[in-house]
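Student: Could we go through this protein together, a question at a time?
Tutor: Gladly, have a look at it first.

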Amino acid sequence: MNLQQDDNLVRTGVSGLDSVLDGGLTAHRLYLIEGVPGSGKTTMALQFLLDGVAHGETVLYVTLSETQVELNEVAASHGWNLAGVHVHELFPLGDQLDPETQYTMFHPSEVELAETTQRILQQVERLKPQRVVIDSLAEIRLLAGSPLRFRRQVLAFKQYFAGKGTTVVLLDESSQVADQGLHVHTIVHGVIELNQLRPEFGGDRRRLRVTKMRGRAFRTGNHDYIIATGGVQVFPRLVAAYFRRDGANEQIESGLPELDLLLGGGLQRGTSTLLIGAAGTGKSSLATHFVMNAAARGERSAMFLFDEGARTLVTRSHGMGFELEKRIQEGLIAVQPIDPGELSPGQFIQSIRDAVELHDARLIVIDSLSGYLNAMLEESYVLVQMHELLAYLSQLGVVTLLINSQQGLIGQMSSTLDVSYLADTVVLLRYFEADGEVRQAISVLKKRTGPHERTIREMSITDTGLRIGQPLRSFRGVLTGVPHALDATRGPQQ
């Protein structure tokens with residue numbers, strides 16, 4: 001007896017799905033996976049059976065629509081071998097156009113439901129499998145002819161397999177739910193829906209939802225998933241309340257005394273900091289400084305880049321005297337460029353989780369939020385997802401740096417995404433003109449975890465790193481972009 005039977009759980013073999021299902025499927029029950037063509041039903045079913053083979057179980061795939069050759073092609077595309085999977089086809093492989101052989105050919109409109117059912121049960125009695133997949137209910141529905149007969153047939157399957165110690169997965173087309181599919185929902189033990197979305201730009205997005213699972217505290221809501229080489233991968237919806245790690249309420253210094261004065265001593269572990277300003281004001285450079293300083297302490301960081309490539313980041317950092325490439329090779333810094341047109345929100349969040357949970361990253365940089373916004377399918381949900389992500393990182397004591405660009409260069413600024421209320425600390429970077437030069441200023445507008453300096457300091461980017469100057473007390477109106485120099489005796493100079 002294997003561990004799955006001891007726990008009364010059957011693993012699905014699908015990466016991430018068991019987490020959604022609170023550990024897996026209850027053994028010896030009937031389940032339904034439904035979705036549109038191309039949503040990955042067959043791939044998930046094969047993963048389910050191959051997991052059984054890996055645990056020494058006998059498994060059976062009953063196909064009423066695909067041939068074994070087609071199933072082998074699907075398996076080969078993922079690098080699988082179906083040698084341990086018993087595949088039973090309910091139609092002949094010979095010449096279907098030969099009039100002498102047509103009377104033996106299975107076709108939903110020509111073969112009685114009773115004969116089809118009998119042939120399925122014969123294979124079950126012969127093999128006595130622990131796992132069975134029936135693909136698909138659409139063919140059985142056509143044979144049944146009426147909703148009543150179809151419901152009775154599915155109910156008969158449930159009663160029959162209940163006494164056989166078999167876990168059964170039925171595949172079906174989701175388009176049938178509107179009329180006859182709901183008859184199946186009330187019978188089966190659990191239902192997994194696969195949806196495929198087609199955004200106006202970028203690749204298709206896929207989402208999974210568990211609509212029913214008796215006796216399991218499954219994770220509700222939509223969960224992104226992809227079909228990649230190796231099978232279906234599910235990215236469970238992030239729920240920050242599930243994660244908590246005890247840690248000291250420690251403050252992290254930046255390595256620049258003047259910057260630490262601005263920040264009231266540094267950044268607190270488990271907090272998020274928003275770096276906001278116009279393009280080119282030094283937001284990414286400031287984030288890179290924090291990353292390099294973390295590496296100097298021996299801590300790992302992960303940078304997720306929406307707006308520039310890794311090579312551009314390395315080149316720019318080298319010009320500031322940062323040995324970023326060396327730290328990357330040492331494994332202290334991970335840099336991952338993100339293509340928002342191809343990466344789903346769930347997949348992106350899973351990348352952050354992997355960096356934190358698997359590689360112990362203590363500092364996360366998201367550059368930038370406008371790119372993150374473009375990765376979201378529905379703009380109205382982006383703030384909710386960001387709130388959950390920041391809460392999750394806070395629970396694990398991770399320092400998060402968020403970069404957001406403002407529209408405009410000098411004067412009145414605006415932002416397409418206001419997340420300042422979500423961040424614990426807000427650092428503003430601005431251009432200002434003085435003595436015929438364009439300079440940069442840095443100030444801290446908000447810090448939830450303690451007091452901070454309220455001055456405005458000049459910041460410059462040099463070939464040896466960042467420099468933070470003294471407070472700009474000789475100017476008025478720095479944040480307007482065109483300040484007035486102050487005379488100590490006469491006030492603002494005209």
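This is a predicted model: local features need pLDDT of at least 70, side-chain atom pairs count only at pLDDT 80 or more; totals for chains, interfaces and linings use all residues.

Tutor: Residues are numbered from 1 along each chain as its sequence is written, and side-chain values use heavy atoms, with hydrogens and water left out.

Student: Which strands stand at the edges of the open sheet of nine strands?
Tutor: The order is β5-β4-β6-β7-β3-β8-β9-β10-β11, with mixed pairing. Strands here are DSSP runs of E with at least two residues, helices are runs of H or I with at least four, and both are numbered from the N terminus; two strands pair if DSSP finds at least two bridges between them. Each edge strand has a single partner, so one side of it is left without a neighbour in the sheet, and these strands are β5 (85–89) and β11 (231–235).

Student: In β6, which residue is the bridge partner of Val 62?
Tutor: Strand β4 (residues 59–63) runs parallel to β6, and five bridges join them. In β6, Val 62 is partnered by Ile 134.

Student: What is omega for the cis peptide bond that joins Asp 367 and Ser 368?
Tutor: Ser 368 sits in the loop between β17 (361–367) and α14 (369–375). For the cis bond joining Asp 367 to Ser 368, omega is about 10°.

Student: Is Asp 22 buried, partly exposed or exposed?
Tutor: Asp 22 lies in the loop between α2 (17–20) and β2 (25–26), and has a positive phi of about 60° although it is not a glycine. Buried means under 20% relative accessible area, exposed over 50%, and partly exposed in between, with a 1.4 Å probe and protein chains only. Because its relative accessibility is 40%, Asp 22 counts as partly exposed.

Student: Which element gives the most to the lining of the second largest pocket?
Tutor: A pocket is an open set of points on a 1 Å grid over the protein atoms alone, where a 1.4 Å probe fits, with protein on both sides within 12 Å along at least five of seven lines; lining residues have an atom within 4 Å of a point. This pocket is lined by 14 residues, with Lys 283 and Arg 316 among those nearest its centre. With three residues, the element that gives the most is α10.
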